[in-house]
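Hello,

Here is the structure we talked about handing over. Please have a look at it first, and then read my notes below.

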Amino acid sequence: MLLLHPAAKGQKPGQVPVKRVFDVQDVAAVLAGFAARRGVGAFGPVHQVGGCQFANGKDPAGKLISVSRRGFTASRA
């Protein structure tokens, strides 16, 4: 599932105003898979907020992306 979230308030003119969020069941497993591939992009640490996990990063073109289990968490609430 692909989610679109508003990007940070500090976005510069000309930057994309949304962050693409890929909703996955296992954030750590997806990031491990990305780490094994070249050119996927760089991600920061996994954050835990309530029952939701996510990690922010940038794709190879420098656009904001995130991997999250928000949808899976919400569907089980």
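The side chains of D59 and R20 meet in a salt bridge, with 2.5 Å from N to O. A salt bridge here is a side-chain nitrogen of Lys or Arg within 4 Å of a carboxyl oxygen of Asp or Glu, and by this rule the count comes to one. D59 lies in the loop between β5 (52-58) and β6 (64-68), while R20 sits in strand β2 (residues 18-23), so the pair ties together parts that are 39 residues apart in sequence. D59 counts as buried at 15% relative accessibility, and R20 counts as partly exposed at 27%. (Buried means under 20% relative accessible area, exposed over 50%, and partly exposed in between, with a 1.4 Å probe and protein chains only.)

Before going further, a word on how to read this. It is a predicted model, in which local features need pLDDT of at least 70 and side-chain atom pairs count only at pLDDT 80 or more, whereas totals for chains, interfaces and linings use all residues. Residues are numbered from 1 along each chain as its sequence is written, and side-chain values use heavy atoms, with hydrogens and water left out.

The mean pLDDT (the predictor's confidence in each residue, from 0 to 100) is 77 for the protein chain, and 65% of its residues reach 70 or more. Confidence is lowest in helix α2 (residues 70-76), at a mean of 60, and highest in strand β4 (residues 47-49), at 90. Where pLDDT is low, the predicted coordinates should not be read in detail.

Now the overall layout. The protein chain has two helices and six strands, in the order β-β-α-β-β-β-β-α along the sequence. Helices (H or I, at least four residues) and strands (E, at least two) are DSSP runs, numbered from the N terminus. Of the 77 residues in the protein chain, 25% are buried.

Strand β6 has partners in both β2 and β5; two strands pair if DSSP finds at least two bridges between them. β2 and β6 run parallel and are joined by four bridges, with R20 opposite I65 in β6. β5 and β6 pair in the antiparallel sense over five bridges, and K58 stands opposite L64 in β6. These two strands form a hairpin with five residues between them, and G62 in the turn has a positive phi of about 90 degrees. Four of the five residues of β6 are buried, so β6 is largely enclosed by the rest of the structure.

Which residues make up the largest nonpolar core? There are five in all: V24, V27, L31, A55 and V67. Such a core is a set of buried Ala, Val, Leu, Ile, Met, Phe, Trp, Tyr and Cys residues joined through side-chain atoms within 4.5 Å. Leaving aside neighbours within four places in sequence, V67 is in contact (heavy atoms within 4.5 Å) with residues including F22, F34, F43 and Q53.

Lastly, H47 is found in strand β4 and is partly exposed, with a relative accessible area of 34%. H47 touches C52, Q53 and F54, not counting residues up to four places away in sequence. The C-alpha atoms of H47 and S68 are separated by 9.4 Å, and the two residues are 21 apart along the chain.

Best wishes
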